Amino acid sequence: MSKVIMTVDDSASIRQMVRFTLEDAGYTVLEAGDGQEAVTLLDGRTCHMVITDLHMPNKDGIEVIKHIRAHQGYRFIPVIMLTTESQAERKQQGKAAGATGWIVKPFKPEQLLKVVKKVLR
Amino acid sequence: MTDRTAELRQAFLTEAGDLLVELEDSLLLLEEKPTDRDTIDRIFRAVHTLKGSAAMFGFEQISQFAHNLENAFDQVRAGSQEVSGDLIALALRAKDLFDQMLEGDAPQDQIDVHCAALAEITGKSTNEPAASDAAEDSASSEDKPDHWFIRFQPHGNFFANGSDPLPLLQELADLGQTHVTLHNEVPGLADMDPETCYCSWDIALSGPCSEDEIRDVFVFVEDDCELSIRKIEADGAEPARLGNILVARGDIAAEDLNQALADQKPLGKILEETGKISSSRLSSALAEQQTRRQVGDQKARRSANQTVRVPSDKLDQLMDLVGELVTVHARLERHANRRTDGETTNLVEEVGRITWELRENAMGIRMLPIGNIFSKFRRLVRDLSHELGKDIQLITAGDETEIDKTIIEHLNDPLVHLVRNAVDHGLETAAERKARGKDPMGTIELSARQQGPNVVVSIRDDGGGIDLEAVRAKAVNKGLLEPQEEIEEQALIQMIFAPGFSTAKEVTSTSGRGVGMDVLRRNIDTIGGSIEVQTELGQGTTIALKLPLTLAIIEGLLVRIATRFFVVPLAAVEECIELDGNSRDQVQGRHMIDLRGHVLPYLEPRRLFHIDGPVPPREQIVVVRNDKRLLGLAVDEIIGQHQTVIKSLGKVYRDIKGFSGGTVLGDGDIALILDVPALAGMAAETVKEAQLV
């Protein structure tokens, strides 16, 4: 049974890149185009991990993280935030909301896989 | 992969086009309503997304440029920048430049001018690096010491952010060799909060990694745990003492150490008994001590630590010599035991220890990853799938599992046989699979894993499975089974290994070449392995070969019958019992005894091998296991455990049944090694003969 990872990003190209990379590595990938879609998708279905952008229309990444941490079924899954900011402030905000870790954009496929392996085995 | 790269670039170009249209629209809207928050946010997001994606797909120039524009709108969002006509004009001009950049013909001087203008507005330097981490690759190549002590103490709420200690420990193990000690402080069930982390870990890590690489493992959790990383240095001439290590770690106070030293018992024991330290902390410190001892050696070795290619017959010779040494040591030991010379005894023990280490080392060198032969099967499966018109994929797992090279050599034919079988009989054709609602592509999985002193190699297919009814019918047909006889499923499956048994309806070029399952079984028996089959009709079959790690030296049980010595492989021995006159019984001409209420058949090798000499009043029975069945072997005396160096019997005696080899004993005597599966076969034949009479 391969692990299911959701990519949440308003950029279709980034979602596609994340999907290709993860599927090549044997994961199953769910896609959400913004925070609202992500929250709707997380209806109790199996999802082992979420990789979310922070700036998104409708619901932003921070809200997605808060939603996950408040949801009985997903409370303990790892959530990785994608951020272009390397500023400590952004990360702190995400961590405070409950993010497990972060990836600084731009990243290469191998960096993405390295981070996934760090939180999900 | 290049297809994908092109595909991704195209996806980016399309997306960037959309973003720029949105940017332009929003900017025009903003011009009308300069304070509209939503519009400002939309502009920011568009620029932000453009920056991120551009950098991902290698459009550095666009990313850099977008970074400058993003800064400006970040200030607008934060309220520190006004939406001026100048700003909007600059942003619109930027949009045009983006368009040109995407076309690939943006004049650099215009970009520079534009950046400068933006910088004037935002007051920031234009050459500030785009937000990616500049420190990314800088930290890996500095000083590379070999040994680290890491103490990792997660906070109680460690799990709250979805963090998991296990992948972190695994990631550390990827960096080098680790020795992990768990400090488990989980309270009783009544007081336990299942969402709290009560554990912490000490890790002794040996590997070519820097402190930064280790810190990087914990980068996401540095605020959620106490982490200390310490380099373990070689301590000059004298290895570090346990007490010093414990004091250095702050696990005990110096007074505790002095107190303990005064008592002169083993230090660790005293500390543990007096409750100064938990046993896990102690064993962790002992691990560090061990590591420190190795530091000195390894530092010297590192410069010359390269791979050397050696012809494999040299390895065989080495193993032979180690075998001789083991034998000579046994003789030496015997000799020393007859004298009461303490000095000699000590020396012999010393030689024994070194011999044992040498043996372990030599065996380690002979270990090869099993992936070496797995890879050959890709071609085989490919060719077979073409030949038979079946669509098949081969998956391998556990390629890195190591096993003695002699066993690998013995494994090739059985595996070829099993894979052919799986392709030919196991997997259905694509049409049949479709009809059964399965993926038309069949899968064969070859995997290996170590399990205690054994390696388990399994071949799994997702084909039709073994039709047990067909097996039963065939078994009855061959006279192996009574028509109404009750039989356990496993025992029934094992029937396929009986000589001359084949459930294939027709012989094809792929299988039925005279290499039957019985030969396969014999091959595996020869190397001391066993076969287990699991099958589910319609779902597939898994055949697991359980193999010993090595063939050259085994642990054996040395026994005596009259003046002859024999070795029973210890792996097959279940127990030893005494045979007295009362428990003897003879049923159907075969000897039986009562083993705690069960009937145990036993063989008399004395008769089987025609050994003369008086039978002692009390014989011993060695109970051995062969394929879930127990069998007794009657012997005169059980001498004890024996490290057995296996020597082949040579061409002349190769076909003699009942022996798998010979070995030289301490006093130069020879002992034959009993072949348990063959003896079990003989026992079964005895029964049949008795039935015929």
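**A loop, a strand and a contact**

Reply: Leu189(B) is found in the loop between E2 and E3 of chain B; strands here are DSSP runs (E, at least two residues; helices are H or I, at least four), numbered from the N terminus. This is a predicted model, where local features need pLDDT of at least 70, side-chain atom pairs count only at pLDDT 80 or more, and totals for chains, interfaces and linings use all residues. Side-chain values use heavy atoms, with hydrogens and water left out, residues are numbered from 1 along each chain as its sequence is written, and chains are lettered from A and ligands numbered from 1 in the order written.

Me: Is Leu189(B) buried or exposed?

Reply: Leu189(B) counts as exposed because its relative accessibility is 74%. The cut-offs are over 50% for exposed and under 20% for buried, with partly exposed in between (1.4 Å probe, protein chains only).

Me: Which residues make the nonpolar surface patch?

Reply: Val186(B), Leu189(B) and Met192(B) make it, at about 280 Å².

Me: OK, on to E3(B). How many of its residues are buried?

Reply: 8 of the 8 residues of E3(B), residues 199–206, are buried, so the strand is largely enclosed by the rest of the structure.

Me: And which ones point which way?

Reply: Cys199(B), Trp201(B), Ile203(B) and Leu205(B) go one way, Ser200(B), Asp202(B), Ala204(B) and Ser206(B) the other. In a regular strand the side chains alternate between the two faces of the sheet.

Me: What are the strands joined to E3(B)?

Reply: E1(B), residues 147–154, runs antiparallel to E3(B) with 6 bridges, and His147(B) stands opposite Ser206(B). E2(B), residues 177–184, is also antiparallel to E3(B), with 8 bridges, and there Val180(B) stands opposite Ile203(B). Pairing takes at least two DSSP bridges between two strands.

Me: Switching topic: how many residues does each chain put into the contact?

Reply: Chain A gives 42 residues and chain B gives 40, with contact meaning heavy atoms within 4.5 Å. The two chains bury about 3500 Å² between them, 54% of it on carbon and sulfur atoms; that is accessible area (1.4 Å probe) lost on putting the two parts together, summed over both.

Me: How many salt bridges are there between chain A and chain B?

Reply: The count is 5, taking a side-chain nitrogen of Lys or Arg within 4 Å of a carboxyl oxygen of Asp or Glu. Arg75(A) forms a salt bridge with Glu195(B), with the closest N and O atoms 2.7 Å apart.

Technical notes. Patch = residues over 30% accessible without salt bridge, like charges linked within 9 Å, V, L, I, M, F, W, Y side chains within 5 Å. Areas by Shrake-Rupley, 256 points an atom, 1.4 Å probe, with all protein chains shown as cover.
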